[in-house]
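Here are a few friendly notes on the aromatic side chains, to read with the model open beside you.

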Amino acid sequence: DTHVLTSFSAAPRDSGGEGGASTYVLAACFDGHRGPRASLHAASALPAAVRDAIRAGEPSPLAAAWRAVAQSYGEGGEQDGACASMALVRQDGLCEVVNCGDCRTVLCARGEGGGEGGEEAGGDGEPSTFVAFATRDHAASDPAEVQRVDAAGGRVRCGSGGGGGGAAFPR
């Protein structure tokens with residue numbers, strides 16, 4: 001439904017202000033379920049939530065921001081939702097990736113070797129591009145995912161169409 005691609009500078013509050021600021025690039029794609037409302041909310045709220053999480057010194061600012069965005073949307077009583085694939089890259093190359101729902105993020109690298117997936121292209125002696133990291137879909141049909149959600153205090157309902165299934169977390 002929508003996306004975010006933006007860059008900004010931010011620093012944790014205790015870093016001494018702008019002298020400790022880093023530049024970040026935030027990229028995110030959202031796909032709404034049962035309409036675009038949740039996607040539009042996420043796209044508009046995520047950048048400020050990420051900046052707030054960085055300022056608060058969160059070790060995983062993108063994950064903290066996504067939880068805050070999801071909570072703020074849920075407080076409105078809406079019954080729809082969105083899946084998301086997001087990445088936050090800091091100027092020193094540190095990259096945080098978050099995916100939610102049936103979205104997948106794949107990070108590729110160029111160089112020698114095959115990375116985690118070992119899926120190299122090429123073979124002519126030139127550096128190749130390979131899958132360095134890939135997320136897993138969060139699907140209600142995956143028993144490991146159901147167990148993960150249960151352990152986190154949520155519940156999973158399975159159904160077909162019309163919003164009858166998916167992961168639900170107590171609010």
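1. Let us begin with Y24, which is buried at a relative accessible area of 8% (buried means under 20%, with a 1.4 Å probe and protein chains only). Please keep in mind that this is a predicted model, where local features need pLDDT of at least 70, side-chain atom pairs count only at pLDDT 80 or more, and totals for chains, interfaces and linings use all residues. Residues are numbered from 1 along each chain as its sequence is written, and side-chain values use heavy atoms, leaving out hydrogens and water.

2. Across the whole structure, a search turns up 2 aromatic pairs (rings of Phe, Tyr and Trp, the last by its six-membered ring, with centres within 6.5 Å; stacked means planes under 30 degrees apart). One of them joins F8 and Y24, stacked at 5.6 Å centre to centre with 15° between the planes. F8 belongs to strand β1 (residues 2-10) and Y24 to strand β2, so this pair ties together parts 16 residues apart in sequence (strands are DSSP runs of E, at least two residues; helices are runs of H or I, at least four; both are numbered from the N terminus).

3. F8 is likewise buried, at 9% relative accessibility. Do look at R51 too: its charged end sits over the ring of F8, 5.2 Å from the centre (the criterion is NZ of Lys or CZ of Arg within 6 Å of the ring centre and within 35 degrees of the ring normal).

4. F30 and W66 have ring centres 6.0 Å apart and planes at 15°, so they count as stacked. This pair links distant parts of the chain, with F30 in strand β2 and W66 in helix α2 (residues 61-74), 36 residues apart. Both F30 and W66 are buried.

Technical notes. Phe/Tyr/Trp six-rings, centres within 6.5 Å; stacked < 30°, edge-to-face > 60°. Buried < 20%, exposed > 50% of the residue type's maximum accessible area, 1.4 Å probe, protein only.
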